[in-house]
Amino acid sequence: MFVESIIVCKEDTYLTIASSSEGLYKDKGSKFLAFAAPVRSVDEAMAFVDKIRKDYHDARHVCYAYMIGPQRDTFRSNDDGEPSGTAGKPILGQINSANLTNIVIAVVRYFGGILLGTSGLIVAYRTAAAEAINAAKLTERIVEQSIVLTYGYESMNQVMRIVKEHALTIVSHEQDFHCRLTLLCRLSMLPVVQEKVKHLRTVKFELLK
């Protein structure tokens with residue numbers, strides 16, 4: 001497991017994997033192939049699971065779990081026909097143990113002819129998922145909020161000073177009768193930026209959902 005880009009401030013960051021990774025666990029002839037991927041939504045997670053199912057259509061089970069969102073509040077696990085709680089839950093447990101989010105892990109099982117029992121399955125799915133996480137490069141991402149500033153040309157220098165001071169990311173800049181600047185602001189800096197903009201009476205501040 002490798003960790004990169006660790007940020008000192010923790011209240012507006014989350015940990016995820018930088019790119020796809022794989023893991024493998026074998027027991028009594030059964031093979032458990034684990035595939036982890038970074039995702040940003042439930043739709044992306046399920047699209048990844050569907051792809052694994054197609055790629056390994058001859059496998060007996062494709063079990064999975066995902067965790068989505070900086071607050072880690074959207075998650076699901078699925079046993080795909082394995083005894084309840086023996087597959088998806090152990091996979092999700094490994095995601096939780098590593099404090100990861102915006103990740104999906106699918107574990108493909110090829111049956112080896114010998115039953116592993118409930119405890120054996122739990123160990124197998126848990127270990128396969130852990131192997132995929134251990135093979136991944138972990139990265140800490142910043143939680144950002146989209147904002148829009150609308151202002152006249154006379155306020156251009158003041159607005160751009162705020163953008164520079166707080167390292168705001170410019171997404172788009174439209175100029176017509178007024179200027180409309182769409183920015184990404186780090187969540188922890190949002191109150192400070194909003195307070196500074198409030199003192200510029202000619203500048204309108206808007207949060208984008």
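Biologist: Where do I begin, and how confident is the predictor in the protein chain?

Modeller: Begin with pLDDT, the predictor's confidence in each residue, from 0 to 100. The protein chain averages 92, and 95% of the residues score at least 70. Over residues 2-9, though, the pLDDT is below 50. That stretch still has 18 contacts in the model beyond near neighbours in sequence, a contact being heavy atoms within 4.5 Å. Where pLDDT is low, the predicted coordinates should not be read in detail.

Modeller: Two notes on reading the rest. Residues are numbered from 1 along each chain as its sequence is written, and side-chain values use heavy atoms, leaving out hydrogens and water. In this predicted model, local features need pLDDT of at least 70 and side-chain atom pairs count only at pLDDT 80 or more, while totals for chains, interfaces and linings use all residues.

Biologist: How many salt bridges does the structure hold?

Modeller: Side chains of opposite charge can pair when their charged atoms come close. A salt bridge here is a side-chain nitrogen of Lys or Arg within 4 Å of a carboxyl oxygen of Asp or Glu. The structure holds seven. One of them joins R53 and D50, at 3.7 Å from N to O.

Biologist: Where do R53 and D50 lie?

Modeller: An α-helix has 3.6 residues a turn, so residues three or four places apart point the same way. Helices (H or I, at least four residues) and strands (E, at least two) are DSSP runs, numbered from the N terminus. R53 and D50 sit three residues apart in helix α1 (residues 42-55). D55 and K51 also form a salt bridge, at 2.7 Å, and they are four residues apart in α1, about one helical turn.

Biologist: Which parts does the pair R109 and E82 tie together?

Modeller: Their side chains meet at 3.0 Å, N to O. R109 lies in strand β7 (residues 103-110) and E82 in the loop between β6 (74-78) and α2 (88-97), so the pair ties together parts 27 residues apart in sequence.

Biologist: Are R109 and E82 buried or exposed?

Modeller: Buried means under 20% relative accessible area, exposed over 50%, and partly exposed in between (1.4 Å probe, protein chains only). R109 and E82 are both buried. By contrast, R53 is partly exposed at 30%, and D50 is partly exposed at 36%.

Biologist: What covers the buried residues of α3?

Modeller: The cover includes β3 (21-27), β4 (30-38), β5 (61-68), α2 and β7. Among the buried residues of α3 are L121, Y125 and I133.
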